[in-house]
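I opened the model today to look up a few things and note them in order. The chain as a whole comes before the details.

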Amino acid sequence: MSIRKRLILSNIAMVVGPFLFLLIVEIIAGYLLMNVIEIESRDRLQKIFISIHFIGLLLILILTNGIITYFLSKSIIRPVNRLTHAAEEIGKGNLDFKIERMRKDEIGKLSDTFEMMRKRLQESQELQKKYQENRNKLMMNISHDLKTPITSIKGHIEGIRDGVANTEEKMDAYIETIHTKTIVMDRLIDELFEHSKLDMGRLAFRFKEIDLQPFLVDLMEEYQLEWDEVTFSFEAEKEKTFRAKVDPDQLRRVVVNLMNNSLKHMDKTEKKIHIDLEEKFDEITVKVKDNGPGILNKDLPHIFELFYRSDMARTSEGGSGLGLAISKRIIQEHEGEISASSRIGHGTTVTFTLPVSRI
């Protein structure tokens, strides 16, 4: 019952209740005075009756109003006090409790609002804690990953300065190593910057409709020129159009991340990367397969997590733990999903989906 209805009923009770009680008192008093108590004087009888009537009326008003006011205030003040206590706990930063709905009225709705606010504050607090943990991981990983190439660059520069590279061949080798390490550092910083923009929602996506088949073929041909020791292959239904609304630059980043990740850990003499493209129902599925060492079962569920690196990735050069996490975020922005499967010694398959464009 709403507070408004409760107040209306209490006001009615305050009027009707005393009237009924007074009527009962008058009947009882009249009966007693007329039939039980012997009073000879009519004037005295009238005075006694009026006195009883007045005192009874006063007592009834006090009693009924007191009882009604007590129960009405109790039904309102108790839940308000509980909400006040909840507000004080929230103000102290304590969010590990639940605000139970006490009534089906305005106070009950207010309780629901408080509980919703508490949950959102708790979620915000947990999210803030997660962000802080991520920032700590970021500092630790980036510090470690930047220190390795910087140490190498420093060592080679000192070697050049001290005359260790005393031949043209050694000098070329030292310069090439320094150049390689700077590329590693540049990639780490680029991935960090990309992740920061994604995390803050400041990365602008420019979607347009493209055919994924020529897009992926061109990308693989570009990679084939750079990696002539790797066999690239592609499979899709010929003369079929795989139309999807994507940001070509960001989708290219995803595929490049996946191929770089495969090539980084490739342990076979004959290196292979194969891409499958198929359409099922309203989804386009892209599979990037390699014949690398595979991923351990304990690592497989975590490879797309931010800053996660397997023991194998930690021993390789330049792994920031950001590449696959960035790829996952980009695919999610395209309303798709990404996953991985693997067999130790046989390779890994990363699969991502994109909605089919019907426009």
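I began with the surface: the accessible area of the chain is about 23200 Å², and carbon and sulfur atoms hold 57% of that. The model is a predicted one, and I read every value below with that in mind.

Next I looked up burial and found that 37% of the 359 residues in the chain are buried. For contacts with a separation of 6 or more, I noted that 68% join residues 24 or more positions apart. I counted secondary structure as eight helices and seven strands.

I traced an open sheet of five strands with mixed pairing, in the order 2-4-5-7-6. Strand 2 (230-236) and strand 6 (338-343) each have a single partner strand, so one side of each has no neighbour in the sheet. From one strand to the next I get an average twist of 15 degrees.

I then checked what packs on the sheet. Helix 6 (residues 248-265) does, with contacts to strand 2, strand 4, strand 5 and strand 7 (347-355). The direction of helix 6 makes about 175 degrees with that of strand 7.

Entry on one strand pair. Strand 4 (residues 271-280) and strand 5 (residues 283-290) run antiparallel and are joined by eight bridges. I looked up the residue opposite Leu277 and found Val286 in strand 5.

Entry on Thr285, which is in strand 5. Is Thr285 buried or exposed? Its relative accessible area is 10%, and the limit for buried is under 20%, so I put Thr285 down as buried. Leaving out residues up to four places away in sequence, I list its contacts as Asp276, Leu277, Glu278, Thr351, Phe352 and Thr353.

Entry on aromatic rings. I found two aromatic pairs in the structure. Phe205 and Phe207 are stacked, at 5.7 Å centre to centre with 15 degrees between the planes. I have Phe205 as buried at 18% relative accessibility, whereas Phe207 is partly exposed at 35%.

Tyr223 and Phe232 form an edge-to-face pair, at 6.1 Å centre to centre and with 80 degrees between the planes. I checked burial here too: Tyr223 is buried at 6% relative accessibility, and Phe232 is buried at 12%.

Last entry, on a charge and a ring. Which residue lies over the face of Phe242? I found Lys240 there, at 5.6 Å from the ring centre.

Notes
Residues numbered from 1 in each chain as written. Predicted model: local features only at pLDDT ≥ 70, side-chain atom pairs only at ≥ 80, totals over all residues. Heavy atoms only, no water. Pairing = 2+ DSSP bridges. Helix = DSSP H or I, 4+ residues; strand = E, 2+ residues; numbered from the N terminus. Axes fitted to C-alpha atoms, helices over the stretch in contact; angles between N-to-C directions. Contact = heavy atoms within 4.5 Å. Buried < 20%, exposed > 50% of the residue type's maximum accessible area, 1.4 Å probe, protein only. Areas by Shrake-Rupley, 256 points an atom, 1.4 Å probe, with all protein chains shown as cover. Phe/Tyr/Trp six-rings, centres within 6.5 Å; stacked < 30°, edge-to-face > 60°. Lys NZ or Arg CZ within 6 Å of the ring centre and 35° of its normal.
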